[in-house]
Amino acid sequence: METKLPSYHHFPEDEMNRYIRQITLPQVGLSGQQKLMESSVLVIGAGGLGCSILPYLAAAGIGRIGIIDGDRIEESNLHRQVLYGAEQIGLFKAKEAADSILKNNSDVEILVYEEFLTQKNANQIFPDFDLILDATDNLFIRYVINDTCVSLNKPFVYGSIHQFQGQVSVFNYQGGPSYRDIFPEENQSAPNCAEAGVLGTTVGLIGMLQANEALKIILEIGEVLSGKLLIYDLLSNSQQVFEFGKVPERKKPEIQIPFEMISAEEAIQSESLLLDVREMGEMPAVHLENVKQLPLSILELESVNLDKEQEIKIFCQSGVRSRKAAKLLSEKGFQNLKLIRGGAKDLLQFAETEIKPNSKRSIVK
Amino acid sequence: MVQVKYFGIIAEAAQCETENIAEENMTLSKILSDLSSRHSLGDYNFQIAVNRKIVSNLSEQLLEDGDEIAFLPPFSGG
């Protein structure tokens, strides 16, 4: 898969031909193509944004592309995650995205990570890449991306959407502001696509703006969106750029408590305690044998009834309360805490499909 | 007149994307606390920009006719 990178002076003819239309641009040229081929980019998330970013990076001839995503393809992804087809439902997105973009350009070296990003694997994976692209749908993991990029001194291109609006910015670029400088809080609520609606073209366009910033950074051309937040409204076609004021003196990145996120599928397959921190009566109810419900509001008092040595997998509805619960328990000395991605809804979905007739686990509605 | 723009989840909370405030000689902090209580924005995370510049210090800055305030929450969809 890996090709030896050609040197500037003897560009192989087939590669020259493949990239001729971008090499022809005076801002790119042979030296620009060389920069692209020598660069490495990690794309975090192969969902809506990732499906837009990845084919353009590969087609442009980025030397090495990493794709990290622990998710599998679902039918409800297909309207916006256009790299995938119906026959790929159930397969890992990272691998399928890699196969798809290799069809366009087999010279690109692709590293596939079929796992969700955590503080731990971020520290292992990020050093291998020049540039990080945040194509996640998760507010919390963005702080892991930010803090890891700050500690390793790597820029990252942020993109995210809310209904018909998208935000794009480049953080930690040449001493510029970080995400935490703009949004220091991480305990507030913001829904992801699982809950909020999204049109495929919105993630498509925002992802492409991210890919565009990545190419500009690598090619060292144009004006990079560092110190600026672009908000694109696709209903009105308006673009507004907000400038960050003076960057406050950089605080040391907060030490993240490395709560590992696991998929609902993984959670369902284990025997360990699944802790539901939603309030009593919240729907959908999850009545699996190893589920215990301790609402966040009483968790501090009730935590004495939990075993500190035991592995606890926490879930709620959207992921906000489960993280608060994990922090709270961690402060009380619990060591073995994991968060279940997708919350009660995903858990229930996998419970329905995974449970075998003879399984100990059961589901009651 | 000061124009206020809401983005993302803040626009949903405020149930509008823009509104105009006619009162003059208001400080930024006063306008923000008024809007925050009127739209119950206390639980949300956002930055404030005045005339397209994000302001970290929500001071006693007086707003002038034609100024634009924007509420910028982080987005999280992808």
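This briefing covers the two chains of a predicted model, their contact and some local features.

Local features here need pLDDT of at least 70, and side-chain atom pairs count only at pLDDT 80 or more, while totals for chains, interfaces and linings use all residues. Residues are numbered from 1 along each chain as its sequence is written, and chains are lettered from A and ligands numbered from 1 in the order in which they are written.

Chain A has 13 helices and 13 strands. Chain B has 2 helices and 5 strands. Helices (H or I, at least four residues) and strands (E, at least two) are DSSP runs, numbered from the N terminus.

**Chain B as a whole**

- Read from the N terminus, the elements of chain B follow the order β-α-β-α-β-β-β.
- Chain B is as compact as a globular protein of its length, because its radius of gyration is 12 Å, close to the 12 Å that the globule rule gives for 78 residues.
- The radius of gyration is taken over C-alpha atoms, and the globule rule is 2.2 Å times the number of residues to the power 0.38.
- Along the principal axes, the C-alpha atoms of chain B fill a box of roughly 40 × 25 × 20 Å.
- Of the 78 residues in chain B, 31% are buried.
- A residue is buried if 20 or more other C-beta atoms lie within 10 Å of its own, exposed if 12 or fewer, and partly exposed in between; C-beta atoms are placed from the backbone.
- Among contacts in chain B with a separation of 6 or more, 62% are between residues 24 or more positions apart.
- Two residues are in contact if their C-beta atoms, placed from the backbone, lie within 7 Å.

**Chain A as a whole**

- Buried residues are 45% of the 365 residues of chain A.
- For chain A, 69% of the contacts between residues at least 6 apart in sequence join residues at least 24 apart.

**Where the chains meet**

- Chain A gives 34 residues to the contact, and chain B gives 21.
- On the chain B side, α1 (8-14), β3 (47-50), β4 (53-54) and β5 (68-72) each supply at least two residues.
- That side of chain B divides into 11 nonpolar, 7 polar and 3 charged residues.
- Ala, Val, Leu, Ile, Met, Phe, Trp, Tyr, Cys and Pro count as nonpolar, Asp, Glu, Lys and Arg as charged, and the others, Gly among them, as polar.

**A helix pair in chain A**

- Helix α4 (residues 48-60) and helix α9 (residues 200-219) of chain A pack at about 40 degrees, with their axes 7 Å apart.
- That angle makes α4(A) oblique to α9(A).
- Angles under 35 degrees count as roughly parallel, over 145 as roughly antiparallel, 65 to 115 as roughly perpendicular and the rest as oblique.
- The residues of α4(A) that meet α9(A) include G48(A), L49(A), I53(A) and L57(A).
- Their partners in α9(A) include G200(A), V203(A), G207(A) and A211(A).
- The residues of this contact are 11 nonpolar, 7 polar and no charged.
- α4(A) is mostly covered, with 11 of its 13 residues buried.
- Among the buried residues of α4(A) are C51(A), L54(A), P55(A) and A58(A).
- G61(A) follows α4(A) and has a positive phi, near 95 degrees.

**Other points in chain A**

- S31(A) sits in helix α3 (residues 29-37).
- S31(A) is exposed, because 11 other C-beta atoms lie within 10 Å.
- S31(A) and P55(A) are 24 residues apart in sequence, and their C-alpha atoms are 22 Å apart in space.
- The peptide bond from M283(A) to P284(A) is cis, with omega near 0 degrees.
- P284(A) belongs to the loop between β10 (273-276) and β11 (291-293) of chain A.

**Residues to find in chain B**

- Q15(B) is not a glycine, yet has a positive phi of about 60 degrees.
- Q15(B) lies in the loop between α1 and β2 (18-21).
- Q15(B) is exposed, because 9 other C-beta atoms lie within 10 Å.
- N51(B), also a residue other than glycine, has a positive phi near 50 degrees.
- The loop between β3 and β4 of chain B holds N51(B).
- N51(B) is partly exposed, with 14 other C-beta atoms within 10 Å.
- L35(B) lies in helix α2 (residues 28-38).
- With 18 C-beta neighbours inside 10 Å, L35(B) is partly exposed.
- L35(B) touches V4(B) and L41(B), leaving aside residues up to four places away in sequence.

Note on methods:
Axes fitted to C-alpha atoms, helices over the stretch in contact; angles between N-to-C directions.
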